[in-house]
Amino acid sequence: MSIQYISWMQARDLVLERLRQWVQSLPPAERGLKILWGQRLLSPLDILREVEILSDLGRQIINSELAKISQEVGITYVITG
């Protein structure tokens, strides 16, 4: 597995692309339904918003999603800065 160093902005953009695809794949009525993420109830739209603004929760989501992406593509992403 190779290692790629990326900034928070690059990580956010990478994860946002994936999350937007997921949200678009959901029926509109389900985009606002709350799901359990960690110990919080968030809708898919809430998750997207947290990542967009790079909140503390958004950064946790980015780390979690990057781990999933890493497994799929065989690249370990390390966020710098």
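## Aromatic pairs and a charge over a ring

The number of aromatic pairs in this predicted model is zero, where rings of Phe, Tyr and Trp (its six-membered ring) pair if their centres lie within 6.5 Å, with planes under 30 degrees apart counted as stacked, over 60 as edge-to-face and the rest as tilted. A ring does take part in another arrangement: the charged end of Arg59 sits over the ring of Trp8, at 4.5 Å from the ring centre. A charge sits over a ring if NZ of Lys or CZ of Arg is within 6 Å of the ring centre and within 35 degrees of the ring normal.

## Basis of the values

The model is predicted, so local features need pLDDT of at least 70 and side-chain atom pairs count only at pLDDT 80 or more, while totals for chains, interfaces and linings use all residues. Residues are numbered from 1 along each chain as its sequence is written, and side-chain values use heavy atoms, with hydrogens and water left out.

## Overall fold

The protein has three helices and four strands, and along the sequence they follow the pattern β-α-β-β-α-α-β. With a radius of gyration of 13 Å, close to the 12 Å that the globule rule gives for 81 residues, the protein is as compact as a globular protein of that length. The radius is taken over C-alpha atoms, and the globule rule is 2.2 Å times the number of residues to the power 0.38. Helices (H or I, at least four residues) and strands (E, at least two) are DSSP runs, numbered from the N terminus.

The C-alpha atoms fill a box of roughly 40 × 25 × 20 Å along the principal axes. Buried residues account for 35% of the 81 residues; buried means under 20% relative accessible area, exposed over 50%, and partly exposed in between (1.4 Å probe, protein chains only). Among contacts (heavy atoms within 4.5 Å) between residues at least 6 apart in sequence, 60% join residues at least 24 apart.

## Salt bridges

There are seven salt bridges in the structure, each a side-chain nitrogen of Lys or Arg within 4 Å of a carboxyl oxygen of Asp or Glu. One of them joins Arg12 and Asp13, with the closest N and O atoms 3.4 Å apart. Arg12 is buried at 17% relative accessible area, whereas Asp13 is partly exposed at 41%.

## Glu65 and its partners

Glu65 forms a salt bridge with Arg18, the closest N and O atoms being 3.0 Å apart. Because Glu65 lies in helix H3 (residues 56-73) and Arg18 in helix H1 (residues 8-25), the pair ties together parts that are 47 residues apart in sequence. Glu65 is buried, at 9% relative accessibility, and Arg18 is partly exposed, at 24%.

Arg18, Glu65, Lys68 and Glu72 are linked in a network of salt bridges. The side chain of Glu65 also makes a polar contact of 3.1 Å with that of Lys68. A polar contact is a pair of N or O atoms within 3.5 Å; within protein, one must be able to donate a hydrogen and the other to accept it, and residues adjacent in sequence count only if both atoms are side-chain atoms. Leaving aside residues up to four places away in sequence, Glu65 touches Val15, Arg18 and Leu19.

## Helix H2

In H2, the buried residues are Pro44, Asp46, Ile47, Leu48 and Val51. Their cover includes H1, strand S2 (35-37), strand S3 (40-42) and H3. Asp46 forms a salt bridge with Arg49, at 2.7 Å between the closest N and O atoms. These two residues are three apart in helix H2 (residues 44-52), so about one helical turn separates them. Just after H2, Leu54 takes a positive phi of about 55°.
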